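Dear colleague,

I am handing over the structure below, and my notes on it follow. Please read them beside the coordinates.

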Amino acid sequence: MSDDTICAPATAPVNSPIAMIRVSGPDTFRAVASLFSRGKALEHRRAVYGSIIDEGSIVDDVVVVGYRAPSSFTGEDMAEISCHGNPIVVNRILALLLSRGLRIAEPGEFSSRAFLNGKIDLTEAEAINHIITARGEWEIEAAVRQMHGSLRVAIDRIRQGLVELKADIECGIDFSEEEIEFVGEEEASCRLSEIRELVETVLRRCRVGERVSRGIDLPIVGRPNVGKSSVLNLMLNAERAIVSSIPGTTRDTISESVRMGGLFINLMDTAGIDTPSCEIEEIGIGLSLARMSSSSLLMVVVDASSGILGEDRRVLDLAAGKRRIVLLNKADLVDDEALARLREELGGEGISFSAKTGRGLKELEAAIVSTLAGDFADQRDFFVADIRMTALLEEALAVMERTDGIIKDKGPGEIIAFELQTLLDTLGAVTGEVTADDVLNSIFSRFCIGK
Ligand SMILES: Nc1nc2c(ncn2[C@@H]2O[C@H](COP(=O)(O)OP(=O)(O)O)[C@@H](O)[C@H]2O)c(=O)[nH]1
Ligand SMILES: [Mg+2]
């Protein structure tokens with residue numbers, strides 16, 4: 001338990017109806033009571049309405065909720081002062097708290113105290129951070145599950161299996177004189193490989209989470225002048241990319257993000273794929289091709305008024321085998337019969353679209369959402385991990401591989417048990433059960449102040 005008392009604004013420094021200041025530490029109740037008109041009324045989990053007083057004059061009217069240790073977020077005595085949301089008011093109240101001997105909290109210090117007092121583990125702390133920073137509903141849902149222990153439970157299950165295996169192997173060492181074998185080499189190897197599958201699953205779920213946090217890349221590809229930049233602008237509802245009738249206008253990849261169906265999507269306007277007429281165009285086309293091959297989902301735009309040309313074929317061929325959405329753009333220039341013929345030519349694929357009139361936009365959004373929903377159908381139970389956690393899981397897999405080798409070579413039980421302990425420590429670092437102080441500092445310093 002810390003012996004100093006910290007305070008910080010928990011809300012952003014903007015003008016808003018309400019702002020909140022948090023206080024945590026042993027001196028909380030004394031310090032807050034000394035500047036509050038109804039200090040005596042403060043008690044555990046009671047909201048008290050009154051005024052903050054500075055040398056006899058009222059600074060603001062506030063509601064103060066007090067929490068007694070250990071029943072608070074940090075596990076210490078805490079208070080939350082809700083005042084009016086003007087940064088000037090917030091700063092005046094903070095200055096008063098500082099004058100009572102408190103100090104301003106470091107970024108993430110409330111969370112780090114909660115962790116040190118056993119209120120949350122590192123997977124839950126990370127989850128809370130993601131609830132604050134997430135850009136889409138899916139990520140928030142996963143983070144909320146993780147705040148309730150989804151990742152901690154998964155790691156605990158893995159550690160439990162390792163503890164049991166280690167115990168059985170250690171029994172074998174103790175009784176080795178009597179030639180009783182507790183776990184045979186085959187069984188040990190088999191049990192280790194089951195545990196390894198669990199680690200791989202957790203790692204995979206962390207990777208899905210990474211992808212969702214970063215946003216799903218959706219490149220808009222096609223030959224020049226079909227309307228890719230116009231489609232991007234329409235979807236963003238902003239003139240982000242230059243649109244012109246001169247082919248080869250877009251040379252760089254332009255990326256902008258939108259939120260769709262609970263996911264964060266990085267739309268990317270690319271240079272039209274064609275025979276380059278200059279070096280800059282050639283570089284742009286190279287970038288487009290690279291984007292195409294690295295993305296699993298593509299939006300292919302064709303020009304309905306010109307029909308499918310050789311260059312369109314080339315793009316469609318490059319997009320074969322990927323999940324793709326085909327837009328028959330400039331549908332405003334042709335009749336429905338021509339669109340039907342075009343769709344037939346494409347084997348039934350293609351959304352009639354017009355970047356000019358907005359036709360087909362709803363259908364396009366629905367297609368993106370349903371394609372992604374299919375893509376993530378079994379993967380919505382992902383985890384929000386930081387690089388430190390995924391690196392630890394990778395390290396655990398490497399140690400498991402090594403340990404399995406030792407088991408198969410009929411290595412000594414002592415060494416196997418030692419390696420299993422290394423594994424337990426590595427996995428213990430994911431949740432923070434076994435983590436050095438300097439590592440902890442760097443983890444919590446990424447969090448916002450007041451959290
Ligand atoms: N009539 C019509 N013209 C369009 C449509 N979409 C784009 N254009 C025009 O087609 C030309 C090329 O558009 P642009 O978005 O720059 O194509 P990009 O080269 O594929 O990025 C411009 O003159 C646009 O105004 C559309 O849906 N209907
Ligand atoms: Mg363009």
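**Core, ligand shell and a helix pair**

Leaving aside neighbours within four places in sequence, L327 is in contact (C-beta atoms, placed from the backbone, within 7 Å) with V231, M299, V301, I351, F353 and L364. This is a predicted model, in which local features need pLDDT of at least 70 and side-chain atom pairs count only at pLDDT 80 or more, while totals for chains, interfaces and linings use all residues. Residues are numbered from 1 along each chain as its sequence is written, and chains are lettered from A and ligands numbered from 1 in the order in which they are written.

L327 is also, with V23 and V300, among the residues with the most contacts inside the largest nonpolar core, which has 107 residues; such a core is a set of buried Ala, Val, Leu, Ile, Met, Phe, Trp, Tyr and Cys residues joined through C-beta atoms within 7 Å, where buried requires 20 or more other C-beta atoms within 10 Å of the residue's own.

Ligand 1 is surrounded by 21 residues (C-beta atom, placed from the backbone, within 6 Å of it), and the closest are G227, K228, S229, S230 and K356.

Finally, the axes (lines fitted to C-alpha atoms over the stretch in contact, with angles from 0 to 180 degrees between N-to-C directions) of helix α13 (residues 387-408) and helix α14 (residues 413-431) come within 9 Å and cross at roughly 170 degrees. α13 and α14 are therefore roughly antiparallel to each other, a term that applies to angles over 145 degrees.

With regards

Key
Helix = DSSP H or I, 4+ residues; strand = E, 2+ residues; numbered from the N terminus. Parallel < 35°, antiparallel > 145°, perpendicular 65-115°, else oblique. Buried ≥ 20, exposed ≤ 12 C-beta atoms within 10 Å, placed from the backbone. Contact = placed C-beta atoms within 7 Å.
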